[in-house]
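Please report on this structure.

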Amino acid sequence: MNALLPGEPFDENARQMTASERPPAVEVLSAEKVFSNGTRALSPIDLTITDGEFLTLIGPSGCGKSTLLKLIASLIEPSDGRLLWWRGDFAHVGQEGRRLAFVFQEPTLMPWARVVVNVRLPLELAGMPRDKADPLVKDAIANVGLSAFGRHFPRQLSGGMKMRVSIARALVTNPNLLLMDEPFGALDEFTRNKLDDDLVKLWWERKLTTVFVTHSIYEAVFLSTRIIVMAANPGRIFRTMTIDQPQPRDQKFRDSPKFAAYCRELSTWLAEASLPSTGSVS
Amino acid sequence: MKPLLESEAFVRIAAPVAVGIVLFALWEVGFRLASVPVYLFPKPSDIFASLLHNGPSLLRALLVTLRVTLQAFLAAVILGTLIAFTFVQSRAIEVSLFPYAVLLQVTPVVAIAPLVIILVKNTQLSLTICATLVALFPIISNTTLGLRSVDPGLASYFRMNRASRLKTLIKLRIPGALPYFFGGLRISSGLSLIGAVVAEFVAGTGGRSSGLAYEILDAGFTLDIPRMFAALFLITLTGVALFAAMVALSQLALSNWHESETRAET
């Protein structure tokens with residue numbers, strides 16, 4: 001089902017070589033999703049997310065990228081096919097070394113709770129005692145650069161800062177897989193770039209496997225080691241682009257001609273993926 | 001003087017007080033000039049004099065009414081919250097019981113009060129029951145609505161983290177319901193006073209009460225119109241005080257986070 005064409009400039013071989021050295025984090029095995037109203041959100045997908053990679057899902061609206069992310073988060077069940085997490089089923093997710101964290105489109109913070117309490121929430125839900133949780137919370141907040149704002153309430157923070165709190169809340173559990181559903185979509189470009197820079201650093205330092213959904217070509221190229229371009233009607237994988245560039249990336253990469261070339265290529269692919277003629281499945 | 005006038009809090013208190021003073025002055029002067037007889041419609045000075053003259057008995061009546069009101073309010077809050085918690089446990093419970101809560105709400109308390117007063121021997125208790133019935137509904141409906149109005153994003157976050165029902169209730173549903181609950185408190189505090197006074201009226205016609213409503217009835221019988229007004233004034237004052245207390249309470253609890261209680265930052 002993988003629509004990757006042979007001889008693409010960014011072929012699978014380069015990834016396969018590095019992938020063979022690393023175990024898979026998530027395997028999507030012919031998983032498909034048909035909603036109860038008959039809408040085919042995803043035709044069967046095969047995808048292996050390798051440990052340590054930064055994978056981005058991009059595509060026109062209705063291509064099922066959010067659905068695929070939700071399948072990976074086990075927020076929804078596949079209609080057919082299955083998924084494996086660290087070569088096991090979802091029941092083992094949450095154990096040490098198999099932790100998963102999800103960052104939503106919205107910060108989804110508790111408005112009545114201070115930043116520290118919001119960040120402590122996942123630890124509290126897991127039943128960790130306060131004295132053990134507090135240093136982790138402090139670290140996570142420092143990691144996203146909000147040490148001075150621990151006692152603030154969400155409404156006192158800007159949109160970018162709220163998103164940082166949301167990321168800190170995801171990081172505090174020391175996850176092995178970070179899933180992000182268009183987390184910076186509502187932010188202005190300057191703030192978005194800043195958060196992207198920090199995200200790359202976090203990902204690099206922690207070797208954190210990340211699956212990221214976005215609408216932004218620039219964001220996808222800047223962040224990813226691999227980009228999956230998806231097409232709609234029905235939702236499927238259209239093409240895959242590997243971005244083999246030095247890490248950790250910074251503004252220099254954004255200013256480089258290579259960055260522009262990747263963006264141009266990706267933009268062409270996205271245009272092709274959005275064409276109605278690609279609507280039929282081969 | 002200028003900084004004081006610009007202060008929001010000062011204007012909020014001073015403006016209505018100023019309006020009140022002007023109205024009272026117009027009332028006093030106008031009725032004096034037109035020399036309206038006291039037994040038809042008293043002047044503020046007559047009412048004030050009556051308030052002083054009948055002070056002890058009015059105060060005793062006030063305490064009786066206040067006790068019924070507060071007991072009923074407390075009972076309504078506890079019962080209403082418990083019922084709301086039961087409602088949100090399952091759709092089936094809510095669907096089968098909610099119509100009866102509405103039934104309770106739409107039946108006028110004057111119509112039930114005689115029955116309750118006959119059935120319950122203790123006057124205090126029967127009055128409290130009547131007032132509770134009146135004050136109960138806003139707590140039930142508001143708290144139920146609040147417990148149901150969970151942010152869907154946060155709800156799925158809790159689900160993803162495999163939070164238990166109890167933890168979701170304590171950490172998500174209850175804090176999220178607080179603004180609605182406090183809205184219910186404001187309405188309910190006023191209603192419990194109304195319920196208490198109405199029930200006293202019904203009981204008072206049978207001569208079995210001693211609250212402010214009874215004072216009004218008694219003053220009516222003896223054509224002591226200023227005393228009637230004095231009692232009415234005390235009832236109004238109690239209502240305003242209850243409302244203000246609820247506003248203060250909700251401000252105390254929500255000012256940090258909820259839009260309804262946060263002042264514009266400058």
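The report below takes these topics in turn.

## Basis

This is a predicted model; local features need pLDDT of at least 70, side-chain atom pairs count only at pLDDT 80 or more, and totals for chains, interfaces and linings use all residues. Residues are numbered from 1 along each chain as its sequence is written, while chains are lettered from A and ligands numbered from 1 in the order in which they are written.

Helices (H or I, at least four residues) and strands (E, at least two) are DSSP runs, numbered from the N terminus.

## A sheet in chain A

Chain A has an open sheet of 3 strands. Their order is β2-β1-β4, and the pairing is antiparallel. Strands pair if DSSP finds at least two bridges between them. β2 (40-50) and β4 (80-85) of chain A stand at the edges. Each has a single partner strand, so one side of each lacks a neighbour in the sheet. Direction ignored, neighbouring strands of this sheet are turned by 15° against each other on average.

Strand β1 (residues 24-34) of chain A runs antiparallel to β4(A), and 5 bridges join the two. Glu27(A) stands opposite Leu84(A) of β4(A).

## Cis peptide bonds and positive phi

Most residues other than glycine have a negative phi, and most peptide bonds are trans. The following sites depart from that pattern.

Asn233(A) and Pro234(A) are joined by a cis peptide bond, with omega about -10°. Pro234(A) sits in the loop between β8 (226-231) and β9 (236-242) of chain A. A cis bond also runs from Gln247(A) to Pro248(A), where omega is near -15°. Pro248(A) belongs to the loop between β9 and α8 (251-255) of chain A.

Thr108(A) has a positive phi, near 40°. Its loop lies between β5 (100-103) and α3 (115-125) of chain A. Thr108(A) counts as buried because 21 C-beta neighbours lie inside 10 Å. Leu223(B) also has a positive phi, near 55°. Leu223(B) lies in the loop between α10 (212-221) and α11 (225-254) of chain B. With 10 C-beta neighbours inside 10 Å, Leu223(B) counts as exposed. The cut-offs are 20 or more other C-beta atoms within 10 Å of a residue's own for buried, 12 or fewer for exposed, and partly exposed in between; C-beta atoms are placed from the backbone.

## Helix packing in chain B

Helix α4 (residues 55-89) of chain B packs on α11(B). The angle is about 40°, and the axes are 11 Å apart. That makes α4(B) oblique to α11(B). Angles under 35 degrees count as roughly parallel, over 145 as roughly antiparallel, 65 to 115 as roughly perpendicular and the rest as oblique. Axes are lines fitted to C-alpha atoms, for helices over the stretch in contact, and angles run from 0 to 180 degrees between N-to-C directions.

Which residues of α4(B) and α11(B) make the contact? α4(B) supplies Leu58(B), Ala61(B), Leu62(B) and Leu66(B). From α11(B) come Ala230(B), Ala231(B), Leu234(B) and Thr238(B). Residues are in contact if their C-beta atoms, placed from the backbone, lie within 7 Å. By class, this contact has 7 nonpolar, 1 polar and no charged residues. Ala, Val, Leu, Ile, Met, Phe, Trp, Tyr, Cys and Pro count as nonpolar, Asp, Glu, Lys and Arg as charged, and the others, Gly among them, as polar.

## Contact between chains

The contact takes 13 residues from chain B and 13 residues from chain A. On the side of chain B that touches chain A, α8 (152-160) and α9 (165-205) of chain B each supply at least two residues. The largest share of that side, 5 residues, comes from α8(B). The side of chain B that touches chain A has 6 nonpolar, 5 polar and 2 charged residues.

Technical notes. Contact = placed C-beta atoms within 7 Å.
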